[in-house]
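Me: Could you pick one part of this model and take me through it closely? I'd like to see how it sits in the whole before you go into detail.

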Amino acid sequence: MRFGRRVLLRSIQLKVEYRSNSGYTVNRCPHLHSRLVGLVPRDILPPANVAYAEQLYEIKFFFILSHMPEIERGQNNLNHEERLTQEQQTTIGLAVYHLSSHPQEYDRVLEQTDPVLHREIAKLLIRTGQAREMILSLQYFQNLDPQIIIDLLIEGKKYKGELITHNLDKFEGLNHQEIALKLIGAKKGWEVVESLERFENLDRHAIAMAFIATGQFAPLAAHLNKFEGLNHQEIALKIIEAGGGLNVEGYIHNFHGLSEETLEQLEAMKKEAEKE
């Protein structure tokens with residue numbers, strides 16, 4: 001377990017950035033800091049490398065710590081008895097820290113952690129970029145609110161919609177129409193249409209209108225065959241009116257029953273685009 005000069009310098013730079021930009025210090029959460037740095041395996045590292053290791057462990061501490069105010073702000077809606085204690089926040093931080101390096105130990109870590117804290121652990125995992133591993137281990141969590149998890153994933157710019165659409169079956173009791181509309185609103189329309197069969201009880205006309213309203217014409221036009229019962233002439237005209245006529249022309253083979261007037265309009269658009 002050796003750490004090179006480049007890694008050490010980068011770790012110091014990151015620590016300075018976290019401290020200067022966000023104001024976080026070791027005093028922010030001393031219990032978590034002391035327990036994290038205490039994990040450094042001093043007995044198996046050469047003395048010179050212990051300092052390197054402590055630097056890197058502290059960087060991870062500051063990274064996790066920078067996301068923990070989200071937990072505190074969430075507590076503003078709780079009464080005094082329901083708020084997390086400092087020790088509980090420390091436990092959450094340690095759990096997330098450990099799981100980031102040992103994703104194969106979700107079952108053991110969560111079994112040894114108070115189920116009351118599982119929801120906050122899940123939220124912090126998502127905010128620190130570990131949502132994929134968390135979803136693969138959902139069966140080990142208790143007291144989760146699936147809607148909160150879904151909303152955080154949709155809001156997270158680092159996550160693709162596939163993380164949700166490919167795992168819909170793991171989230172019971174949710175409104176698939178609402179999830180689809182939120183994903184489309186977050187500009188993740190391709191992921192929705194490519195997994196449309198995974199969604200249940202969809203109002204396909206409303207979904208199609210959402211694609212048009214958000215300017216995501218290509219996903220709709222490319223997968224129009226999945227939207228049964230739609231009036232293709234109506235959809236084509238609405239896309240054209242919204243400025244997406246070339247998407248209709250590009251996927252013209254998916255549109256059936258278009259009027260001669262609409263076909264001529266699309267052909268004119270194509271020729272105009274070719275001149276440019």
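Reply: Happy to. Of the 276 residues in the chain, 45% are buried (under 20% relative accessible area; exposed is over 50% and partly exposed lies in between, with a 1.4 Å probe and protein chains only as cover). This is a predicted model, in which local features need pLDDT of at least 70 and side-chain atom pairs count only at pLDDT 80 or more, while totals for chains, interfaces and linings use all residues. Residues are numbered from 1 along each chain as its sequence is written, and side-chain values use heavy atoms, leaving out hydrogens and water.

The chain has 17 helices and zero strands (DSSP runs numbered from the N terminus, H or I of at least four residues for helices and E of at least two for strands). Among contacts with a separation of 6 or more, 66% join residues 24 or more positions apart, a contact being heavy atoms within 4.5 Å.

A word on confidence before the close-up. Mean pLDDT (the predictor's confidence in each residue, from 0 to 100) is 77 for the chain, with 70% of residues at 70 or more. Helix H14 (residues 217–222) has the highest mean, 97, and helix H1 (residues 5–22) the lowest, 39. Two stretches stay under 50: residues 52–59, with 28 contacts beyond four places in sequence in the model, and residues 75–81, with five. Where pLDDT is low, the predicted coordinates should not be read in detail.

Just after H7, Gly129 takes a positive phi of about 80 degrees.

What lies against H7? The axes of H7 and helix H9 (residues 146–155) come within 10 Å and cross at roughly 10 degrees; axes are lines fitted to C-alpha atoms, for helices over the stretch in contact, with angles from 0 to 180 degrees between N-to-C directions. H7 and H9 are therefore roughly parallel (under 35 degrees; over 145 is roughly antiparallel, 65 to 115 roughly perpendicular and the rest oblique). H7 brings Ala122, Lys123, Ile126 and Arg127 to this contact, and H9 brings Ile148, Ile149, Leu152 and Leu153. By class, that gives six nonpolar, no polar and two charged residues (Ala, Val, Leu, Ile, Met, Phe, Trp, Tyr, Cys and Pro count as nonpolar, Asp, Glu, Lys and Arg as charged, and the others, Gly among them, as polar).

Leading up to H9 is the loop from helix H8 (131–136), which holds Asn143. Although not a glycine, Asn143 has a positive phi near 60 degrees, and its relative accessible area of 44% makes it partly exposed.

For comparison, look at helix H11 (residues 176–185) and H13, whose axes also come within 10 Å and cross at roughly 10 degrees. That makes this pair roughly parallel as well. Gln177, Ala180, Leu181 and Ile184 of H11 meet Ala206, Ile207, Ala210 and Phe211 of H13. Here the classes are seven nonpolar, one polar and no charged residues.
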